[in-house]
Amino acid sequence: MSDSPVTLPVPPEFFRDFDCGYGGSTIGCYALLAYIASVAPRRHRRILEVGTHNGVGTAALALGTPGCIVETVDCRDESRGARRRHWDRCGVAGRIVQHVGDSREILPLIEGDFDLALIDANHDWAIKTCDWLAIKDRVAVIVLDDFVIDWPFWQQATVDPAWRIVPTTAPYLDNDAGILDWRGCRDAARACFPGGVSQSWQ
């Protein structure tokens, strides 16, 4: 299959002036999140995010999926004002539902299924494992942040495509089910990070 260019729903430059707090390379991460969200299934038209932080990633997920609802969970409420400003600026505030509290308590209370889930909270591995177990049977595609993939539990998890996990640094996708095309994600990563991507995306 040829490496044809992909069309990004939101270019990295869109996020350049946001107060992301992580430096310039983060704009590519947000653009890639928007792309992955855009090619995920649309059966339930709902996305779940664990780890809202300043809300820019939440906005990226919403921008990549027009008409879908994004439910996001964070244990802190200090950034509520910044989050709302980012969501208003992107025109997605009306499609975002914010939950504040411990994800281990909140996730079991959120009913229904999701097309995509992003587990990106600043938690230790045990809490992330609880987060995954709480939602794994209700989500078509799960995206993990790049810090998790070095932990033994997740390395084992990503070996089996049936777990439907997409690490942001090394996509293991359920191609047989047609959930996502890893070639498209790889090419999108190259477009989001023109200066180079990690070896796992090659």
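**Close-up views of a predicted model**

**View 1. The largest nonpolar core.** Of its 35 residues, Phe15, Ile36, Leu61, Val92 and Leu116 touch the most other members. The elements that each supply at least two residues of this core are helix 1 (26-39), helix 2 (56-64), helix 3 (80-90), strand 4 (114-119), strand 5 (139-144) and helix 7 (182-192). Helix 1 is the top contributor, giving nine residues. The model shown here, as in every view, is predicted.

**View 2. Leu61 and its contacts.** Leu61 is among the residues that touch the most other members of the largest core. Beyond its neighbours within four places in sequence, Leu61 contacts Leu33, Ala37, Ile47, Glu49, Val70, Leu116 and Leu118. A separate core of 13 residues lies apart from the largest one. Val50, Ala117, Ile119 and Ile135 are among the members of this other core.

View 3. Asp115 sits in strand 4. Which side chain of opposite charge is nearest to Asp115? It is Arg43, 5.0 Å away. A salt bridge needs a side-chain nitrogen of Lys or Arg within 4 Å of a carboxyl oxygen of Asp or Glu. Asp115 is buried and has no salt bridge. Its side chain does reach the backbone nitrogen of Arg45, at 2.7 Å.

**View 4. Gln98 and its polar partners.** Gln98 belongs to strand 3 (residues 96-100). What does the side chain of Gln98 make a polar contact with? The partner is the side chain of Thr52, at 3.2 Å. A polar atom of the Gln98 side chain also lies 3.3 Å from the backbone oxygen of Thr72. With residues up to four places away in sequence set aside, Gln98 touches Thr52, Thr72, Val73, Asp74, Arg83 and Trp87.

**View 5. The whole chain, for orientation.** The chain has seven helices and six strands. Starting at the N terminus, its elements run α-β-α-β-α-β-α-β-α-β-α-β-α. Of the 202 residues, 51% count as buried. Among contacts with a separation of 6 or more, 66% come from residues 24 or more positions apart. The chain exposes about 9,600 Å², and carbon and sulfur atoms supply 52% of that area.

Technical notes:
Residues numbered from 1 in each chain as written. Predicted model: local features only at pLDDT ≥ 70, side-chain atom pairs only at ≥ 80, totals over all residues. Heavy atoms only, no water. Helix = DSSP H or I, 4+ residues; strand = E, 2+ residues; numbered from the N terminus. Buried < 20%, exposed > 50% of the residue type's maximum accessible area, 1.4 Å probe, protein only. Contact = heavy atoms within 4.5 Å. Areas by Shrake-Rupley, 256 points an atom, 1.4 Å probe, with all protein chains shown as cover. Polar contact = N/O pair within 3.5 Å; in protein donor to acceptor, adjacent residues only side chain to side chain. Core = buried A, V, L, I, M, F, W, Y, C linked by side-chain atoms within 4.5 Å. Lys, Arg positive; Asp, Glu negative; His and termini not counted.
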